[in-house]
Amino acid sequence: MSQGGGTPSTSNPTVLHGGKVFIQRDYSDGTSVKFHTRLPPELEGMIERHVFEATIKRLNEFYAEAEEGSCSTYCEGCIGCITAYLIYMCSETHYEKTLRKISKFVAFQNERIYNPKGLQLIDPTFRGLRVIEITIFDRPGRT
């Protein structure tokens, strides 16, 4: 495969662009939703490495849970098919419930950890599950 092929790069997990850091997807284990856990150099000194890694690992666990197949998710799909998917107008899927838990987790992390440090973690669903965006706020007194 040529260098310019459509395969995502795993060598550069972050890109800094105007006060934003992007944590790229990790495709080393396939196409399941998983993000790199390495602390970007742009965030060094702004947040502790273990705190950042714990946040990303927990997000990766949530996405693994969302994509996990179980008896209930298979039954959910069968009932959806039988009802011409009208059931989804009345109830949430396992995946939707997990995405809601992820949104609550991100909001909690922002409130308790990231915002006090001048950072804002953006829910990956707002970026199409392609990246985790971290916004760096300009704060007076910061160099």
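# Close-up legends

**View 1. Leu129 and its backbone angle.** Leu129 counts as buried, because its relative accessibility is 14% (buried is under 20% relative accessible area, exposed over 50% and partly exposed in between, with a 1.4 Å probe and protein chains only). The residue sits in the loop that joins β3 to β4; helices (H or I, at least four residues) and strands (E, at least two) are DSSP runs numbered from the N terminus. Leu129 has a positive phi of about 55 degrees, although it is not a glycine. Most residues other than glycine have a negative phi. The model is predicted, so local features need pLDDT of at least 70 and side-chain atom pairs count only at pLDDT 80 or more, while totals for chains, interfaces and linings use all residues. Residues are numbered from 1 along each chain as its sequence is written, and side-chain values use heavy atoms, leaving out hydrogens and water.

View 2. Helix α2 has 12 residues (residues 71-82) and should span 16 Å at 1.5 Å a residue; its end C-alpha atoms are 16 Å apart, which agrees. The expected span is 1.5 Å times one less than the number of residues. Ala84 lies in the loop between α2 and α3, and its phi is near 55 degrees, a positive value in a residue other than glycine. Ala84 is exposed, because its relative accessibility is 55%.

**View 3. Helix α1 and what covers it.** The 19 residues of α1 (residues 49-67) should span 27 Å, and the end C-alpha atoms are 27 Å apart, which agrees. Its buried residues are Val51, Phe52, Thr55, Ile56, Leu59, Asn60, Phe62, Tyr63 and Ala66. In an α-helix there are 3.6 residues a turn, so residues three or four places apart point the same way. The cover over these buried residues includes β2 (20-24), α3 (94-114), β3 (119-122) and β4 (131-136). Arg58 lies over the face of Phe62, 3.9 Å from the ring centre; a charge sits over a ring if NZ of Lys or CZ of Arg is within 6 Å of the centre and within 35 degrees of the ring normal.

**View 4. The largest nonpolar core.** This core has 25 residues, and those with the most contacts inside it are Leu43, Ile47, Phe52, Leu119, Ile132 and Ile134. A nonpolar core is a set of buried Ala, Val, Leu, Ile, Met, Phe, Trp, Tyr and Cys residues joined through side-chain atoms within 4.5 Å. At least two residues of the core come from each of β2, α1, α3, β3 and β4. The largest share, 6 residues, is from α1. Leaving aside neighbours within four places in sequence, Ile132 is in contact (heavy atoms within 4.5 Å) with residues including Val21, Phe35, Ile56, Leu59 and Pro124.

**View 5. Tyr85 and Tyr88, a stacked pair.** The structure holds 3 aromatic pairs. In one of them, the ring centres of Tyr85 and Tyr88 are 6.0 Å apart and the planes are at 25 degrees, so the pair is stacked. Rings of Phe, Tyr and Trp (its six-membered ring) pair if their centres lie within 6.5 Å; planes under 30 degrees apart count as stacked, over 60 as edge-to-face and the rest as tilted. Tyr85, at 47% relative accessibility, counts as partly exposed, and so does Tyr88, at 29%.

View 6. Cys90 is exposed, with a relative accessible area of 70%.
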